[in-house]
Amino acid sequence: MPISSLPSPYGIGTLGAEAWKFADFLAAGGQSCWQLLPVGPTSYGDSPYQSFSSFAGNPYFIDLDTLAGDGLLEPSEFQDLDWGSSPEYVDYGLLYETRYPVLHKACDRLLNQSRPDFALFCQEQGEWLEDYALFMALKDKHGGISWFQWPEELRLREPAALANVREELAGEVNFWKAVQYLFFQQWNDWKKYANGLGISIVGDLPIYVSGDSADVWANPEQFQLDGNGLPTEVAGCPPDGFSADGQLWGNPLFDWERMKADNYTWWLRRISFQFKLYDTLRIDHFRGFDSYYAIPYGDTTARNGKWRPGPGIDFFKAVNKTLGKKDIIAEDLGFLTPSVHKLLKASGYPGMKILEFAFDSRDGESDYLPHRYPTHCVVYAGTHDNDTILGWMATAPKKDVSYAKAYLRLSKREGYHWGMMRSAWASPADLAVMQFQDLLGLGSEARMNIPSTIGNNWKWRALPGTFDETLSKRLHREMRVYQRLPKKPAAKAKRPK
């Protein structure tokens, strides 16, 4: 359940009352974890996998009612604004125009107060916060264009030019620091509450970072860039049976040789920071650590890409040596080779099983069929990139759907979605994660993302009142039947006033 999909009267889900209610719902339903999409600030296309920073939090997730309760906003400054016509979908364009003026008012009040904890936050997070805040201030100054298009002295980070703009944009830089302070203040309060209920938070780390990000601008030596700061090759996936042109993601590629020379310091800092946010971390596109697909910069399709070797197990040995053994899930989907399987085994991480992939009539006997699962895996009916269960039932090839009905003994009376979810809970997989849309029995209208498309993704939201007692009780019964209840009953956590 993404934060963005929570109910809210202000255009998008936040870390406010509904996030706390959903944690209560999960605890009452006998759940042990809540998996999120990445929570970074989104850029063009609104994808959480294309963020302005690997470290910053999404300003949209800052709850406005909480700010009012803290004395940083007046209710009249946000309650009567136009936040969109539909409570079921996010209007990102409207949100961009409306949210920041409100946050400016809150941050102006914050910055006019004496808050030692704000100064401490800026000091403790300075390693990433200084560059991020200046990056965002510069983006605003240049009308939001990519940093690749900034004047050369700023693009290449000439010290004198940076010193000048830090002074010129000091007010805006402080605004972006204050926004992050507010995000992490709310995040830490909410996470402490969820953890107190026995709910662990599962985060999601994209393997790649956005080209138009503070990560690349401030650390160009870590990426495959030319002398002008432009990528030489970019990320994507090769053509396959689903896409004749492949997928052109466009992210800059890592300079793995350079990274290895300094013991992957940038990556280790990135992962270490994620574990301050989350209890468990799903690493996206795990196969890219074995080998990655490199597409010439400027190409309009992925047809001309080449496979190149990634860092392999050496990288994960560095993670374990420096950070200790971490609770990581490997997103081992896509084009898998024997060497990818070998890397997964060597890493010791659980991989992922997707039920909607299990019944593809082109694959023969699939490793995604539940009777073939090892215990050391995480099973999903579908991820954010898949249709909902009922959407899949309505759109998948008839032969595949018929096989799923026979294999899973699905019945219309029970609901096809409940039957498929039950097969996941009944499987040997150590962990089973369902999309909340599937608990509600929604169709394709609630799909979160269709890969390789933009404009209609990341929008779905739950309606108020959907986290109800009837649903939590049914979920709890299923957990009891399939012996998936947490070993310790949910604790009673206190909400702040």
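A cavity, on a 1 Å grid over the protein atoms alone, is a set of points where a 1.4 Å probe fits but cannot get out, and its lining residues have an atom within 4 Å of a point. Grid points are joined across faces, edges and corners, and a volume is the space filled by probe spheres set on the points. The model is predicted, with local features needing pLDDT of at least 70 and side-chain atom pairs counting only at pLDDT 80 or more, while totals for chains, interfaces and linings use all residues. Residues are numbered from 1 along each chain as its sequence is written, and side-chain values use heavy atoms, with hydrogens and water left out.

**Stop one: the cavities**

Select Pro38, Ser51, Ser53, Ser54 and Pro206, which lie nearest the centre of the largest cavity among the 22 residues that line it. The lining of the largest cavity divides into 13 nonpolar, six polar and three charged residues, counting Ala, Val, Leu, Ile, Met, Phe, Trp, Tyr, Cys and Pro as nonpolar, Asp, Glu, Lys and Arg as charged, and the others, Gly among them, as polar.

Next, find the second largest cavity, with about 120 Å³ of space, by selecting Ser4, Leu37, Pro38, Pro48 and Phe61, the closest to its centre of the 16 residues that line it.

**Stop two: helix H11**

Now select H11, which gives the most to the lining of the largest cavity, with four residues. Its 13 residues should span 18 Å at 1.5 Å a residue, and its end C-alpha atoms are 19 Å apart, which agrees, because the expected span is 1.5 Å times one less than the number of residues. Its buried residues (under 20% relative accessible area, with a 1.4 Å probe and protein chains only) include Trp266, Trp267, Arg270 and Phe273.

**Stop three: strand S10**

Move on to strand S10 (residues 377–380), where Cys377 and Val379 point one way and Val378 and Tyr380 the other way, and all are buried. Strands pair if DSSP finds at least two bridges between them. Four bridges join S10 to strand S9 (residues 351–354), running parallel, and three bridges join S10 to strand S11 (residues 431–433), also parallel. Finish at Val378, which stands opposite Met352 and also opposite Leu431 in S11.

Notes:
1 Å grid on protein atoms, 1.4 Å probe; cavity = no way out; pocket = protein on both sides within 12 Å on 5 of 7 lines; lining within 4 Å. Helix = DSSP H or I, 4+ residues; strand = E, 2+ residues; numbered from the N terminus. Buried < 20%, exposed > 50% of the residue type's maximum accessible area, 1.4 Å probe, protein only.
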